[in-house]
Amino acid sequence: MIDLRSDTVTLPTDAMRQAMAAAEVGDDVYGDDPTVAALEADGARLAAKEAALFFPSGTQANLVALMTHCQRGEEYIVGQKAHNYLFEAGGAAVLGSIQPQPLDFADDATLPLDKVAAAIKPDDFHFARTRLLSLENTHNGKVVPQDYLRQAWALTRERRLALHIDGARVFNAAVAQGIALSEISQYCDTLTICLSKGLGAPVGSLLCGSEDYIARARRWRKMVGGGMRQAGILAAGARYALAHHVTRLQEDHDNARWLAQQLAQLGVDIVAPGAQTNMLFIRQSADLAARLTPWMRDHGIIIASGTLTRLVTHLNVSRQDLEKVVDRWREFLAHHDKLAAAPLTGVYFQ
């Protein structure tokens with residue numbers, strides 16, 4: 001199956017599996033796993049931060065990041081559609097008693113700084129204390145501009161807030177701009193890095209920050225169940241990903257742009273600005289969406305269903321795979337009138 005739902009569906013390569021099988025391990029809760037320690041050192045070095053901490057998931061890494069920055073009853077400013085507000089089961093509020101202050105994203109994936117400034121609460125006991133600005137890079141495949149990050153950093157220094165970046169796909173942002181990760185991370189106090197999306201590791205995320213911050217985060221990680229034992233088997237896959245799969249993200253970006261061009265030629269409505277990184281979004285009618293998704297699955301292609309559909313390229317999708325996707329899409333559109341005339345019984349034109 002050609003799976004375009006997300007880059008979370010990537011499978012470890014044979015070489016990555018070999019590295020995992022050969023990993024030197026120990027009990028990481030005791031600090032005895034050398035491969036985990038090496039991974040955390042890799043992450044800290046690449047992000048130009050003092051320390052890093054390995055987590056089993058990005059959701060847990062983001063939760064601990066927020067709980068380390070904010071105390072109960074304090075507040076973080078975040079995007080309405082940001083992952084650590086909308087898609088993480090309300091963990092910050094439920095488990096951390098942290099109040100979110102969501103704002104609408106601008107079209108360029110930024111939170112307008114005038115609105116951020118207006119949302120910062122005054123020093124008054126009627127209000128939750130605003131402690132943190134949380135950004136996301138990339139957001140829906142869009143790269144947050146460096147100039148914006150610089151301005152956001154300056155605002156948080158002026159208003160005495162911390163700045164966290166949910167960097168689930170931050171290496172995509174770095175590769176798209178042709179810059180080092182550290183050029184992005186210089187404008188934040190902390191950031192998370194997901195290793196199991198475009199980088200292709202099977203499990204894991206890193207939280208990077210100062211030594212004092214990571215020491216406090218380690219306690220929260222233990223509390224929420226993130227302490228792992230012989231986790232070097234997982235860390236070895238992540239280390240392989242950092243060493244071998246960062247620069248190749250450009251292939252995913254090129255493939256996404258190529259796919260957008262090909263689908264546009266078929267008359268598919270591509271949501272602007274197209275593919276900046278490894279994602280593109282298409283608009284389609286509800287009727288078309290209801291028929292396209294099952295038809296594609298019948299032809300070996302998995303896509304999300306909906307009038308606004310996300311297509312994501314990754315290391316398990318080649319240009320040859322995408323050529324098949326375009327061919328099948330062309331066939332579908334050519335016969336759509338026939339499909340539309342048939343009832344939705346689960347039997348589709350072959």
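**A tour of the sheet and its cores**

Begin with the 7 strands that form an open sheet of mixed pairing, in the order β2-β8-β7-β6-β5-β3-β4. Strands here are DSSP runs (E, at least two residues) and helices are likewise DSSP runs (H or I, at least four), numbered from the N terminus; two strands pair if DSSP finds at least two bridges between them. The model is predicted: local features need pLDDT of at least 70, side-chain atom pairs count only at pLDDT 80 or more, and totals for chains, interfaces and linings use all residues. Residues are numbered from 1 along each chain as its sequence is written, and side-chain values use heavy atoms, with hydrogens and water left out.

Select β2 (51–55) and β4 (99–103) next: these are the edge strands, each pairing on one side only.

Move to β7 (residues 190–194) and β8 (residues 205–209), which run antiparallel and are joined by 4 bridges. Leu191 stands opposite Cys208 in β8.

Now display Ile193. Not counting residues up to four places away in sequence, Ile193 touches Gly167, Val170, Phe171, Leu181, Ser205, Leu206 and Cys208 (contact means heavy atoms within 4.5 Å).

Then colour the largest nonpolar core, of 66 residues, in which Phe54, Phe171, Leu191, Ile193 and Leu195 touch the most other members. Such a core is a set of buried Ala, Val, Leu, Ile, Met, Phe, Trp, Tyr and Cys residues joined through side-chain atoms within 4.5 Å; buried means under 20% relative accessible area (1.4 Å probe, protein chains only). Select helix α11 (residues 232–244), which supplies the largest share of this core, 6 residues.

Finish at another core, lying apart from the largest one, with 25 residues, among them Ile2, Leu4, Ala256 and Leu322.

Terms used: Buried < 20%, exposed > 50% of the residue type's maximum accessible area, 1.4 Å probe, protein only.
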